[in-house]
Every structure is written in C-alpha cells, then in structure tokens.
Amino acid sequence: MASTQSFVDFVRDQIRGAGEITAKKMFGEYALYADGKIFGLICDNKLFMNPTLAGREFIGIPVEAPAYHGAKLSFLIEDQLEDSSWVSKLAAYRDWE
C-alpha cells in the first residue's frame with residue numbers, strides 16, 4: 001500500500017522542530033529530508049528513521065524494521081510519533097551508524 005499525502009503532511013508537521021523538513025515522492029513512498037539531508041523514509045504510512053548512535057542512546061531500546069523488502073534496519077517510529085518534541089529531537093540526530 002502506498003503512503004498517503006495526509007500521513008506525509010502529518011509527519012512533516014510533527015518533525016517541524018528538526019529543521020526544514022521536505023519529502024520527495026519515490027516509487028509511491030517518500031524520502032524525508034531535514035535541511036537537505038535524508039534522515040528517513042515513509043513507507044506504508046509508517047515512519048522509518050535512519051539509525052544513529054545518538055538516536056539509539058536517546059531511544060534506549062529502539063524498535064527496528066526494514067522500510068521495505070531488502071532494506072537495512074531502520075528505527076520504526078510508531079507510538080512516539082504523536083510527541084512532536086520527542087520525534088523532532090530524534091530527527092536531529094542525523095549521522096548514520
């Protein structure tokens with residue numbers, strides 16, 4: 001199932017505290033950028049963020065899953081997506097592991 005524009009808009013709004021957030025559509029899904037640097041994907045209306053050491057420390061024990069078949073593991077953000085401050089802080093940790 002392809003992600004919906006309304007979910008992408010919701011995610012962008014939730015992460016607004018992490019810089020200029022943009023989304024680029026690709027193959028029915030979306031890549032997320034903060035200040036021009038990719039930091040995650042939206043696939044099947046789920047948010048996946050690139051794993052970082054600082055992000056792992058911030059989360060504690062992250063839920064990890066591939067964004068699509070064959071992809072590397074990413075942080076799967078579900079319950080915390082409602083907390084704009086929390087998810088914005090996580091998105092600010094942009095250096096990949």
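Reader: How many salt bridges does the chain have?
Author: The count comes to 2 salt bridges. Bear in mind that this is a predicted model.

Reader: What makes the pair Asp 13 and Arg 16 a salt bridge?
Author: The N to O distance between their side chains is 3.5 Å. The rule asks for a side-chain nitrogen of Lys or Arg within 4 Å of a carboxyl oxygen of Asp or Glu, so Asp 13 and Arg 16 pass.

Reader: And what makes Glu 64 and Arg 56 a salt bridge?
Author: Same test, really. The closest N and O atoms of Glu 64 and Arg 56 are 3.2 Å apart, and the cut-off is 4 Å, so this pair goes on the list too.

Reader: Is Asp 13 buried, partly exposed or exposed, and how do you know?
Author: Asp 13 has 42% relative accessibility. Buried would need a value under 20%, and exposed one over 50%, so Asp 13 is called partly exposed.

Reader: What about Glu 64 and Arg 56?
Author: Glu 64 comes out at 33% and Arg 56 at 24%. Both values fall between the 20% and 50% limits, so both residues count as partly exposed.

Reader: Where are the charges, taken as a whole?
Author: There are 10 positive and 14 negative charges in the chain, and their mean positions are 5 Å apart.

Reader: How do you know whether the radius of gyration agrees with a compact globule?
Author: For 97 residues, a compact globule would have a radius of gyration near 13 Å. The chain has 12 Å, which agrees. As for extent, the C-alpha trace spans about 30 × 30 × 25 Å along its principal axes.

Reader: What is the fold pattern along the sequence?
Author: Reading along, you get α-β-β-β-β-α-β-β-α. That's 3 helices and 6 strands.

Reader: Why is Met 49 called buried?
Author: Its relative accessible area is 2%, and anything under 20% is buried, so Met 49 qualifies. Met 49 sits in strand 4, residues 46-49. Beyond its neighbours within four places in sequence, Met 49 has contacts that include Ile 15, Phe 39, Phe 75, Val 87 and Leu 90.

Reader: Which residues of helix 3 are buried, and what do they pack against?
Author: In helix 3 (residues 84-92) the buried ones are Ser 84, Trp 86, Val 87, Ser 88, Leu 90 and Ala 91. The buried residues of helix 3 pack against helix 1, helix 2, strand 3, strand 4 and strand 6.

Reader: What makes the phi of Asp 35 worth a remark?
Author: Asp 35 has a positive phi of about 50° and is not a glycine. Most residues other than glycine have a negative phi. Asp 35 is in the loop between strand 2 and strand 3, and its contacts beyond four places in sequence are Ala 18, Gly 19, Glu 20 and Arg 94.

Reader: What is the phi of Asp 44, and where does Asp 44 lie?
Author: Asp 44 has a positive phi of about 55°, again without being a glycine. Asp 44 lies in the loop between strand 3 and strand 4. At 34% relative accessible area, Asp 44 is partly exposed.

Note on methods
Residues numbered from 1 in each chain as written. Predicted model: local features only at pLDDT ≥ 70, side-chain atom pairs only at ≥ 80, totals over all residues. Heavy atoms only, no water. Helix = DSSP H or I, 4+ residues; strand = E, 2+ residues; numbered from the N terminus. Rg over C-alpha atoms; globule rule 2.2 N^0.38 Å. Lys, Arg positive; Asp, Glu negative; His and termini not counted. Charge placed at Lys NZ, Arg CZ, Asp CG, Glu CD. Buried < 20%, exposed > 50% of the residue type's maximum accessible area, 1.4 Å probe, protein only. Contact = heavy atoms within 4.5 Å.
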